[in-house]
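Biologist: I'm new to this one and would like a guided tour. Could you put it on screen and walk me through how to read it?

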Amino acid sequence: MTATTAITPAVLDLQALVRLVEGPGHGAVVAFLGLVRDHNVGRRVTHLVYESYDVLALKALDRIVQEAAEHWPSVRMAVHHRTGRLEIGEASVAIVTASAHRADAFSASRYAIERIKQIVPIWKHEYFEGGDAWIEGATADPDNVDARAHAMRMACA
Amino acid sequence: MRVTVRLFARLRDLGGAGELSREVPPGGTVADLWTGLVREFPGFAAYGQSLSCAVNAEYAKFHTPIADGDEVAFLPPVSGG
């Protein structure tokens with residue numbers, strides 16, 4: 001049984017997420033994969049190690065699904081994020097959205113990835129040629145209305 | 001009272017462990033606990049305003065009171081996705 005949200009060290013199964021959200025009333029399914037890239041800010045990346053505060057990260061994913069459901073009530077969404085060591089080209093995050101028409105599925109997908117980057121307690125440890133570094137992005141504050149509004153603007157642009 | 005401190009990512013490296021047990025005076029807040037940790041690990045000081053926290057795996061604020069046995073997590077800026 002595939003869960004709607006997951007934090008997992010296992011390889012992500014996009015098809016399982018598609019099966020979870022698709023339905024007879026859904027004319028559109030948007031599948032997004034975030035992949036490990038071989039370069040970052042001029043560095044040649046060799047691999048990433050993702051660390052997570054699993055319990056809170058899962059709650060944060062549930063929260064994002066709930067936020068999206070408030071704005072796009074007809075969209076069904078599933079989000080899985082992987083942890084541990086990932087090689088170049090492997091998927092770190094999978095977001096699948098389904099809706100009657102494509103616009104809402106695209107928007108909700110974009111909203112979800114923006115919010116993941118804002119609030120979910122997961123960290124990338126980047127290993128590159130010549131060293132390694134923790135990547136630090138956004139200060140996680142789910143109540144920050146400006147951040148949430150920014151994610152919504154990105155989603156609806 | 002005793003609490004469990006959870007540290008992640010670079011904070012975990014600086015603190016030398018992902019989990020610590022620390023004493024906090026009764027009535028203490030997350031901020032009180034953090035102040036003690038900064039004294040112990042000067043490298044933490046740089047995080048000041050960019051840090052988030054959680055108490056018992058729920059997002060919290062630095063003014064959140066903590067109780068005996070709580071798990072208090074300090075979260076450097078996140079970078080999932």
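**Reading the sheets, the helix and the contact**

Modeller: Let's start with chain B, where an open sheet of 5 strands has the order β2-β1-β5-β3-β4, with mixed pairing. Strands here are DSSP runs of E, at least two residues long, while helices are runs of H or I of at least four, all numbered from the N terminus. Two strands pair if DSSP finds at least two bridges between them. Bear in mind that this is a predicted model: local features need pLDDT of at least 70, side-chain atom pairs count only at pLDDT 80 or more, and totals for chains, interfaces and linings use all residues. Residues are numbered from 1 along each chain as its sequence is written, with chains lettered from A and ligands numbered from 1 in the order in which they are written.

Biologist: Which strands of chain B stand at the edges?

Modeller: β2 (19–23) and β4 (58–60) of chain B do; each has a single partner strand, so one side of each is left without a neighbour in the sheet. From one strand to the next, the twist averages 35°; axes are lines fitted to C-alpha atoms, for helices over the stretch in contact, and angles run from 0 to 180 degrees between N-to-C directions. Look also at β1 (residues 2–7) and β5 (residues 71–75) of chain B, which run parallel and are joined by 4 bridges. There, Thr4(B) has Glu71(B) in β5(B) as its bridge partner.

Biologist: And what pattern does chain B follow along the sequence?

Modeller: It reads β-α-β-α-β-β-β. The radius of gyration of chain B is 12 Å, close to the 12 Å that the globule rule gives for 81 residues, so chain B is as compact as a globular protein of that length. That radius is taken over C-alpha atoms, and the rule is 2.2 Å times the number of residues to the power 0.38.

Biologist: What does the sheet in chain A look like?

Modeller: That open sheet has 4 strands in the order β1-β5-β7-β2, again with mixed pairing. Its edge strands are β1 and β2 (28–35) of chain A, each pairing on one side only. The twist there averages 5° from one strand to the next. β2(A) and β7(A) run antiparallel, joined by 8 bridges, and Gly34(A) stands opposite Val93(A) in β7(A).

Biologist: How many residues does each chain give to the contact?

Modeller: Chain A gives 27 residues and chain B gives 17, where contact has C-beta atoms, placed from the backbone, within 7 Å. On chain A's side, α3(A) gives the most, with 4 residues.

Biologist: Is Pro121(A) buried or exposed?

Modeller: Pro121(A) is buried, with 28 other C-beta atoms within 10 Å. The cut-offs are 20 or more such atoms for buried and 12 or fewer for exposed, with partly exposed in between; C-beta atoms are placed from the backbone. You'll find Pro121(A) in the loop between α3 and β8 of chain A. Leaving out residues up to four places away in sequence, its contacts include Leu56(A), Ala57(A) and Ala60(A), along with Phe8(B), Leu75(B) and Val78(B).

Biologist: Which residues are buried in α2(A)?

Modeller: Among them are Leu56(A), Ala57(A) and Ala60(A). What covers the buried residues of α2(A) includes α3 and β8 of chain A, together with β3 (52–55) of chain B.

Technical notes:
Contact = placed C-beta atoms within 7 Å.
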